[in-house]
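Good morning, and thank you for the time. Please have the sequence and the coordinates open.

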Amino acid sequence: MDVFGLVGNPVGHSLSPPMHEVAYDALEIDARYVTFEPAPDDLETALEGAAALGIAGLNVTIPFKEDALASDLVAADELANRIGAVNTIDFSGDRPTGHNTDAAGALRALRERDVTVDGARAVVVGAGGAGRAISFGLADAGATVSIANRTEAKAHDLADEVPGATGHGLETLEDLLADAEILVNATSVGMEEDATPVPAEALHGGLAVLDAVYRPLETRLLSDAAAAGATTVDGARMLLYQGVEAFELWTGRDAPVSTMDEALRARL
Ligand code: ATR
């Protein structure tokens with residue numbers, strides 16, 4: 001039996017175990033997915049233990065994604081290095097490898113709705129961990145990325161690293177969105193609250209709007225976007241596809257996407 005898992009602190013409410021375990025069941029893979037909650041300073045010891053115990057793969061979440069990148073044990077790939085965070089570790093080779101599936105997750109969530117990313121003008125609101133991953137993903141896929149953040153200096157710093165990107169304050173959102181095709185909310189605004197980081201007047205029917213927030217599923221931003229005639233993609237799709245990407249990396253098989261989606265949505 002293969003053991004996969006999630007390392008974070010806290011991990012109690014994670015949706016990853018049911019999402020992965022239904023996939024093992026569906027494909028008759030003999031595996032389990034469990035959660036681990038090391039103390040904040042103990043990631044390296046935990047990873048050494050995982051390798052010694054023969055754990056097959058780990059997802060990594062807050063507060064350990066940056067530590068996983070810095071780990072001496074893990075060889076992080078180029079994208080994870082640029083993003084500055086590892087969220088998936090594969091222990092199957094001679095040395096554990098580190099990856100970041102958040103960027104690919106966002107791209108798959110957009111592409112399944114027939115959103116063209118190559119050549120698109122994309123606005124990413126937020127310059128934290130999620131904003132970093134999504135901005136690199138969009139730029140790598142050929143979009144021209146404008147990053148808008150409450151703390152404008154952080155948007156400029158990130159834009160300096162992302163090919164072709166520009167950094168802005170939130171007050172320019174309306175101008176940026178006027179001729180954009182993609183909008184991503186990578187802030188925590190709207191999480192467990194009826195608030196939006198984007199004025200409803202700035203939204204229009206030519207936009208595809210992805211909200212990385214998934215609690216609630218229907219955020220104020222997404223309902224405003226739907227009212228404006230935009231294509232909407234909720235945060236559960238991004239969460240789903242970062243898990244799908246990890247599953248496919250670990251198992252080398254196509255993930256049973258709709259089964260995983262059902263397991264996720266049933267718990268949201
Ligand atoms: P994550 O890893 O989920 O991206 P994070 O790194 O803490 O979390 O980043 C949170 C993001 O949400 C940041 O871009 C933050 O803006 P600041 O850099 O100015 O802090 C943004 N954010 C959080 N609360 C916000 C609010 N009330 N209004 C606007 N932006 C907010």
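This is a predicted model: local features need pLDDT of at least 70, side-chain atom pairs count only at pLDDT 80 or more; totals for chains, interfaces and linings use all residues.

Which residue in β5 is the bridge partner of G57? It is D90.

The pairing of G57 with D90 belongs to the contact between β3 and strand β5, residues 88-90, which run antiparallel over 3 bridges. Both strands are part of an open sheet of 6 strands, ordered β2-β1-β3-β5-β6-β4. The pairing in this sheet is mixed. At its edges are β2 and β4, the latter at residues 75-76, and each of these two pairs on one side only.

Let me turn to the overall division of the chain. The domain assignment gives two parts: domain 1, made of 2-100 + 238-265, and domain 2, covering 103-233. Taken over C-alpha atoms, the centres of domain 1 and domain 2 are separated by 25 Å. Where the domains meet, 15 residues of domain 1 are in contact with 18 residues of domain 2.

An unreviewed entry lists residues 6-89 as "domain: Shikimate dehydrogenase substrate binding N-terminal". In the model, that span is 40% helix and 19% strand, and its end C-alpha atoms lie 10 Å apart. The unreviewed entry also lists residues 116-188, under "domain: Quinate/shikimate 5-dehydrogenase/glutamyl-tRNA reductase". Over residues 116-188 the chain is 38% helix and 26% strand, with 25 Å between the end C-alpha atoms.

Next, helix α1, residues 16-26. How many of its 11 residues are buried? The count is 8, so the helix is mostly covered by the definition of buried as under 20% relative accessible area. The buried residues are S16, P17, P18, M19, H20, E21, A23 and Y24. After α1 comes E28, which has a positive phi, near 50 degrees.

The core draws at least three residues from each of domain 1 and domain 2.

Leaving aside residues up to four places away in sequence, I147 touches V124, G126, A127, S135, A155, L158, A159, V162, A165, T166, G167 and H168. Three of these names return in helix α7, residues 152-161, whose buried residues are A155, L158 and A159. Why do they lie on the same side of α7? Because they cover an arc of only 100 degrees around the axis. What covers these buried residues includes α6 (129-140), β8 (144-149) and β9 (166-169).

I move on to strand β10, residues 182-185. Which way do its side chains point? I182 and V184 point one way, L183 and N185 point the other way, and all are buried. In a regular strand the side chains alternate between the two faces of the sheet. Strand β10 has two parallel neighbours to mention. Strand β7, residues 121-125, is joined to β10 by 4 bridges, with A122 opposite I182. Strand β11, residues 208-211, also pairs with β10 over 4 bridges in the parallel sense, and here V184 stands opposite L210.

Finally, consider R220, which lies in helix α9, residues 220-227.

Key: Residues are numbered from 1 along each chain as its sequence is written. Side-chain values use heavy atoms; hydrogens and water are left out. Buried means under 20% relative accessible area, exposed over 50%, partly exposed in between (1.4 Å probe, protein chains only). UniProt positions are given in the numbering used here, feature names are shortened, and annotations may be inferred rather than shown by experiment. Domain bounds come from an automatic or database domain assignment. Contact means heavy atoms within 4.5 Å. Two strands pair if DSSP finds at least two bridges between them. The arc is that of the directions from the helix axis to the C-beta atoms.
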